[in-house]
Amino acid sequence: MFDLRLILNTFAILCCLFALWKGGRAERMGALAVLANVVIGQTGHLVAPGLNDQIRLVNDGLTALLLLGVTVRYGALWMGGVMLFYAAQFAMHSFYIVTERKPDFLRALINNVDYLGIVSCLIIGTIVAWRRRVVNRRKAASTASTTP
């Protein structure tokens with residue numbers, strides 16, 4: 001029928017490309033971190049399916065750490081949302097590993113909603129940065145045209 005993982009990852013990659021195209025520095029750095037997360041996650045899923053849980057935990061933890069650095073450096077509001085989503089993601093992976101619980105519908109639901117939340121925050125941040133640039137350019141152009 002269809003592969004939800006492929007659909008979500010394709011959506012994430014398209015959103016990251018949008019952020020790289022129209023975003024500011026924070027959005028571009030965030031997009032690179034999310035792209036690396038997608039690549040490592042897909043590679044781990046294909047190469048070592050038996051270690052998928054551990055790879056995903058470490059991958060999400062490292063991505064969250066990278067994004068924390070971006071958050072501290074740029075202080076973008078949308079990054080706060082991303083950090084909360086990654087905290088939930090990391091807690092979910094940890095819970096399933098520690099309790100040795102088999103993957104189930106709840107895990108898939110939490111993981112997919114959380115991942116969409118992360119990507120949605122990136123999209124929102126990109127749109128805000130893009131809009132801010134457009135407004136600043138218009139102000140600069142109108143100021144330049146009205147000053148003698």
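The crossing of helices H4 and H5 is left-handed, a term applied when the near helix is turned anticlockwise from the far one by less than a right angle, and right-handed if clockwise. In this predicted model, local features need a pLDDT of at least 70 and side-chain atom pairs count only at pLDDT 80 or more, whereas totals for chains, interfaces and linings use all residues. Residues are numbered from 1 along each chain as its sequence is written, and side-chain values use heavy atoms, with hydrogens and water left out. Helices (H or I, at least four residues) and strands (E, at least two) are DSSP runs, numbered from the N terminus.

The axes of H4 and H5 lie 9 Å apart and pack at an angle of about 160°, which makes H4 roughly antiparallel to H5. Axes here are lines fitted to C-alpha atoms, for helices over the stretch in contact, and angles run from 0 to 180 degrees between N-to-C directions; angles under 35 degrees count as roughly parallel, over 145 as roughly antiparallel, 65 to 115 as roughly perpendicular and the rest as oblique. On the H4 side, the contact (heavy atoms within 4.5 Å) is made by Trp78, Gly81, Val82, Phe85, Tyr86, Ala88, Gln89, Met92, His93 and Tyr96. The H5 side contributes Leu106, Arg107, Ile110, Asn111, Asp114, Gly117, Ile118, Cys121, Leu122 and Gly125. By class, the residues of the contact of H4 with H5 divide into twelve nonpolar, six polar and two charged, where Ala, Val, Leu, Ile, Met, Phe, Trp, Tyr, Cys and Pro count as nonpolar, Asp, Glu, Lys and Arg as charged, and the others, Gly among them, as polar.

Two residues of H5 were examined individually. Arginine 107, located in helix H5, counts as buried because its relative accessibility is 5%; buried means under 20% relative accessible area, exposed over 50%, and partly exposed in between (1.4 Å probe, protein chains only). With neighbours within four places in sequence left aside, arginine 107 is in contact with Asp53, Arg56, Met92, His93 and Tyr96. Threonine 126, also placed in helix H5, has 0% relative accessibility and therefore counts as buried. Not counting residues up to four places away in sequence, threonine 126 touches Phe18, Ala19, Lys22, Gly23 and Glu27.

Helix H3 (residues 52-74) and helix H4 (residues 77-98) pack with their axes 9 Å apart, at an angle of about 160°, so that H3 is roughly antiparallel to H4. H3 passes H4 in a left-handed crossing. Among the residues of H3 that make this contact are Asp53, Arg56, Leu57, Asp60, Ala64 and Leu67, and those of H4 include Met79, Val82, Met83, Tyr86, Phe90 and Ile97. The contact of H3 with H4 has eleven nonpolar, seven polar and three charged residues.

H3 has 23 residues and reaches 32 Å from its first C-alpha to its last, close to the 33 Å expected at 1.5 Å a residue, the expected span of a helix being 1.5 Å times one less than its number of residues. The buried residues of H3 are Asn52, Arg56, Leu57, Asn59, Asp60, Thr63, Ala64, Leu67, Val70 and Thr71, and what covers them includes H1, H2, H4 and H5. Just after H3, glycine 75 takes a positive phi of about 60°. A positive phi, near 55°, is also found for glutamate 100, a residue other than glycine. Glutamate 100 is placed in the loop between H4 and H5 and is exposed, with a relative accessible area of 69%.

For helix H1 (residues 4-22), the 19 residues should span 27 Å at 1.5 Å a residue, and the end C-alpha atoms are 27 Å apart, which agrees. Leu8, Asn9, Ala12, Cys15, Cys16, Ala19 and Lys22 are buried in H1, and their cover includes helix H2 (25-47) and helix H5 (105-146). The C-alpha atom of leucine 17 is separated by 24 Å from that of alanine 87, 70 residues apart along the chain. Alanine 87, in helix H4, counts as partly exposed at 44% relative accessibility.

For the chain as a whole, the secondary structure comes to five helices and zero strands, and the C-alpha trace spans about 70 × 35 × 25 Å along its principal axes. Of the 148 residues of the chain, 36% count as buried. Among contacts between residues at least 6 apart in sequence, 66% join residues at least 24 apart.
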